[in-house]
Amino acid sequence: LTNTQTPLNSDKDTHTQKMPLTLKGSRLVHIDVPLHLRLYGERAKARTTSEGEARTDTEQQEQKQEQEQEQEQKQEQEQQQEQKKVDNEDEKENWTSEQPPNSKATSHKSTEESAKSAKVKTKHATKGDSKKATAKHTKTEVKVKTKTKKAEKVEKAKKTKKAEKAEKPKATESKVTEKGTAKIWEPGSPIYCVVINLDRRPERWDALQPLLKPSVDLGHLTVFRQRAMDGKKLSIPDCLVTESWSTSKNWKYVTKVFEGGEQCGYTKRTLRLTSGERGCAASHIEAWWTCLSRSQSRNSNEPLLVLEDDALPEAGFMKKVFEGLEALKDEDPDLLYLGWSQAAPWRRQVAEGVFEAEYLWTTVAYILWPRGASLLLAQTPVDQPVDNYMADMMASGDLRGFALVPEVVKQAKPWNVDNDIKHSDDKAWKKATAEKEKS
């Protein structure tokens with residue numbers, strides 16, 4: 001299964017085909033992200049077929065680092081070879097300068113004429129030798145100057161490399177986690193956001209863009225369209241989402257919220273997940289993987305904002321989001337709901353407008369941290385509707401979930417109105433209560 005992410009305000013039609021790599025603004029970039037089957041544990045045995053097809057950002061980064069190291073080694077070797085050449089040439093020049101001048105002009109003739117001719121020859125020879133010596137001397141001086149210039153260049157290059165290495169920022173702002181050190185993402189920094197949108201619902205993406213554009217223009221968000229998995233057209237693997245689920249865990253909270261309690265009409269049953277529910281779950285799994293892979297490639301705890309295409313954010317909602325994130329700095333959160341439907345009392349109040357949650361419905365808008373993404377992926381396959389799956393992990397204490405109160409993102413339309421997903425647990429309600437609700 002492959003999928004695409006498309007930038008906000010893109011000029012091209014992205015609802016029916018993949019976008020080429022384009023730039024529109026400093027923060028709007030297209031990325032093609034595959035849905036990886038390499039999740040975790042024994043449930044991911046099918047990953048062997050997909051490992052060769054997709055590479056993570058971490059592998060690419062390692063390759064870049066190796067290439068850089070190889071280039072540095074090559075440069076050092078070249079510099080050493082140049083230095084050796086300079087040293088060898090210096091030795092040769094020193095050796096030639098120490099050799100005695102050619103004295104073949106001293107003849108063995110004993111006569112005066114031969115002596116005179118020898119004197120004349122020696123005069124000419126000495127003049128020639130002196131000219132040659134001066135020429136050699138000037139050549140050696142030129143060579144020495146050129147060699148010294150090369151040596152100076154080599155030394156300068158070494159110094160600049162050392163300076164660049166010293167100037168590189170060290171990971172001083174880091175915190176120790178179970179898996180090592182990671183850079184801390186600071187509230188107020190831009191948040192990467194994906195909007196899950198079906199190809200057959202382009203009007204929803206078009207309606208949401210102007211609502212998010214102010215936050216993009218202010219540098220608060222980097223927004224992409226993520227092509228949703230259409231359960232009606234795609235075959236979702238069982239290793240990602242099961243085909244059936246039990247309402248027993250959800251029953252515990254339905255009976256707390258709905259009038260009548262255990263007699264409200266909601267029953268414990270094993271139901272078959274609808275194609276829409278399975279596609280929705282697979283789409284959120286891809287968003288979780290995006291969050292985790294980005295944090296691994298950047299070695300940071302940068303969170304991800306996940307929006308469904310029927311989200312309706314209030315004006316200036318990112319201000320409250322940043323305030324909530326600031327309040328959660330010391331809480332080590334996994335999940336922050338921006339829109340929700342409450343099914344259990346709040347566990348505690350963290351700060352004004354920020355509460356720790358036990359069980360919430362809907363996945364219209366939430367912020368996910370890398371640790372939360374890894375926990376959600378580790379428990380796959382998703383064995384119930386995805387909002388129940390996430391809420392169940394919060395209720396069991398496996399996931400630390402929080403919520404902004406009041407919610408800052410709502411669904412554009414009421415429950416089950418203009419909805420693409422049929423809910424399987426509609427069949428869990430008794431016919432009598434269903435008829436009463438209709439009346």
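## Aromatic cluster

Tyr253, Tyr359 and Trp361 form one aromatic cluster. Rings of Phe, Tyr and Trp (its six-membered ring) pair if their centres lie within 6.5 Å; planes under 30 degrees apart count as stacked, over 60 as edge-to-face and the rest as tilted. By this rule there are 9 aromatic pairs. Tyr253 and Tyr359 make a stacked one, with 3.9 Å centre to centre and 10 degrees between the planes. Tyr253 sits in helix H4 (residues 248–257) and Tyr359 in the loop between strand S13 (354–356) and strand S14 (360–361), so the pair ties together parts 106 residues apart in sequence. Helices (H or I, at least four residues) and strands (E, at least two) are DSSP runs, numbered from the N terminus. Both Tyr253 and Tyr359 are buried. Buried means under 20% relative accessible area, exposed over 50%, partly exposed in between (1.4 Å probe, protein chains only).

## Basis of the model

The model is predicted: local features need pLDDT of at least 70, side-chain atom pairs count only at pLDDT 80 or more, and totals for chains, interfaces and linings use all residues. Residues are numbered from 1 along each chain as its sequence is written, and side-chain values use heavy atoms, with hydrogens and water left out.

## Strand S5 and its surroundings

Strand S4 (residues 191–197) pairs with S5 in the parallel sense over 7 bridges; pairing needs at least two DSSP bridges. Val194 stands opposite Phe224 in S5. In S5, 7 of 7 residues are buried. Leu221, Val223, Arg225 and Arg227 point one way, Thr222, Phe224 and Gln226 the other.

At 10% relative accessibility, Asp230 counts as buried. Asp230 touches Leu198 and Arg200, leaving aside residues up to four places away in sequence; contact means heavy atoms within 4.5 Å.

## Nonpolar cores

A nonpolar core is a set of buried Ala, Val, Leu, Ile, Met, Phe, Trp, Tyr and Cys residues joined through side-chain atoms within 4.5 Å. The largest has 54 residues; Trp288, Tyr337 and Met390 have the most contacts inside it. Helix H5 (residues 275–298) gives the largest share, 9 residues. Apart from this core lies another of 30 residues, among them Leu212, Val223, Phe322 and Leu336.

## Confidence

The chain averages a pLDDT of 75, and 63% of the residues score at least 70. pLDDT is the predictor's confidence in each residue, from 0 to 100. Over residues 100–111 the pLDDT is below 50. Where pLDDT is low, the predicted coordinates should not be read in detail.
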